[in-house]
Amino acid sequence: MTRTSSALVPVLAFVGIVVSVMQTLLIPVLHDLPRLLGTGPDDATWVITSTLLAGAVATPIMGRLGDLHGKRRMLIVSLATMVAGALISALTSDLYVMIAGRTLQGVVMSAVPLGLGLLRDLLPRERRDPAMALLSSSMGIGSSLALPAAALVAQVADWHVLFYGSAGLGALCVVLTLLAVPESRVRAQGTFDVRGAVGLSAGLVLLLLPISKGGDWGWTSGVTLGLFAAAAAVLVLWAVMELRLPAPLVNLRISARPAALFTNLASIMVGMAFLVVSLVLPQLLQLPTSTGHGLGQSMVVAGLCMAPLGLAMMLTTPLYARLSRTPKAALILGMLIIASGYVAGLGLMSAAWQSLVVTAILGVGTGLAYSSLPALIASATPAAETGAANALNTLMRMIGSSIGSAVIGTVLAGTAYQLGGVTVPSLAGFRASFLIAAGAMAIGMLTALFLPRPRPRPGVERNAEPEPVSCRP
């Protein structure tokens with residue numbers, strides 16, 4: 001094994017961490033965005049929503065392009081697009097220009113499934129599963145570790161520094177990828193399905209837009225219900241069209257196999273539960289003690305209390321290596337631990353140190369759950385379609401996170417109360433959010449029980465060793 005090939009896994013894991021930074025980049029300044037951008041709260045939320053929509057649209061498209069034209073090539077394109085978007089955002093305080101920059105940054109969400117495809121193509125089986133587990137977990141690792149760093153930067157420097165920093169990290173990822181990540185020679189047959197890309201993009205926007213904005217528009221408003229109905233119609237028509245094509249954007253026949261279908265359904269639940277702790281604990285920690293349940297901590301301390309989530313996920317990867325032959329069991333065990341962490345968290349909301357316990361438990365469970373997903377997808381997918389299959393699984397996690405954000409936002413808003421003229425989240429709302437997350441894991445475990453035992457099939461799991469890893473990019 002060459003020096004360059006030994007850097008493949010750490011470089012792609014670093015890419016995954018940088019990608020996840022995009023999700024938490026603006027959390028420390030979220031409440032100040034209207035003032036910073038000179039706009040109203042409703043318009044300021046488009047800075048977040050635009051990134052979500054761009055990531056959801058770009059992920060399946062870039063995954064398919066990677067299968068057709070090279071996963072490394074598309075990985076570099078996604079990273080370069082993120083760098084361009086970060087620089088645009090760093091140079092402006094105009095709302096519309098900021099939204100454009102954040103939209104470009106969202107494209108980088110496709111980098112992780114592309115990296116997973118590269119690992120499957122380039123590594124032998126004994127190294128592949130642990131490496132894919134590490135890369136899959138890096139999304140959560142980066143999100144939790146970046147939060148205190150972003151909070152510190154936001155406190156001591158101009159908020160635009162956050163974007164300069166992310167642009168620098170993205171540029172470093174491009175350089176490292178060029179130096180250490182070879183291209184895979186595994187290619188899918190056929191051409192790019194333009195109509196399928198347009199149809200899926202339209203369906204995802206129509207679906208995720210009301211999920212993200214339903215709390216502002218009203219869940220029973222004509223706009224919200226109309227967009228949901230339009231999303232259902234478009235996605236059904238898109239699925240019918242995809243089933244008739246010889247080279248679709250997403251192979252729905254493979255995605256409908258139990259191994260892929262139930263993995264993706266479980267992924268929605270995992271994505272939903274992972275986000276809950278990030279929405280609840282920072283608010284609880286930063287609420288003033290005068291509320292009776294707030295812990296009165298600073299933004300930086302609140303971020304540091306979230307750090308065990310990522311650290312535990314990182315340390316869980318070697319544990320998953322021992323369970324890699326039974327990814328179904330690892331997924332169920334992970335979700336069981338997540339559910340236990342949320343249930344325990346119901347009684348651990350009275351001191352900052354208790355947050356460390358909760359996040360550590362959740363980190364172990366999330367690490368196991370995230371680590372198992374790529375192996376389950378790989379067992380159900382032909383090697384030539386790995387990029388698209390992992391992209392779809394990542395998309396399912398994103399949809400789960402979006403649903404979780406909408407549900408928890410509605411619960412916290414519905415249980416909030418007035419204190420001194422200020423709306424304050426209640427302790428009952430926080431506990432209800434934890435119960436919802438535990439319930440999502442119960443549904444996820446039930447779904448995972450229907451997963452068949454992974455076994456190689458002709459054209460799905462390659463028996464031969466992968467191509468040699470070249471020293472040259």
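A: A polar contact is a pair of N or O atoms within 3.5 Å; within protein, one must be able to donate a hydrogen and the other to accept it, and residues adjacent in sequence count only if both atoms are side-chain atoms. The side chains of Gln105 and Ser89 form such a contact at 2.9 Å. The model is predicted: local features need pLDDT of at least 70, side-chain atom pairs count only at pLDDT 80 or more, and totals for chains, interfaces and linings use all residues. Residues are numbered from 1 along each chain as its sequence is written, and side-chain values use heavy atoms, with hydrogens and water left out.

Gln105 lies in helix α7 (residues 95–106); helices are DSSP runs of H or I, at least four residues, numbered from the N terminus. Its relative accessible area is 0%, so Gln105 is buried (under 20%; exposed is over 50%, partly exposed in between, with a 1.4 Å probe and protein chains only).

As for charged pairs, a salt bridge is a side-chain nitrogen of Lys or Arg within 4 Å of a carboxyl oxygen of Asp or Glu. By this rule there are three salt bridges. Asp67 pairs with Lys71 at 3.7 Å, N to O, and both residues are buried. Lys71 also pairs with Asp121 at 2.7 Å, N to O. This pair links distant parts of the chain, from Lys71 in helix α6 (residues 71–90) to Asp121 in helix α8 (residues 111–122), 50 residues apart. Asp121 counts as buried because its relative accessibility is 0%.

Notes
Helices (H or I, at least four residues) and strands (E, at least two) are DSSP runs, numbered from the N terminus.
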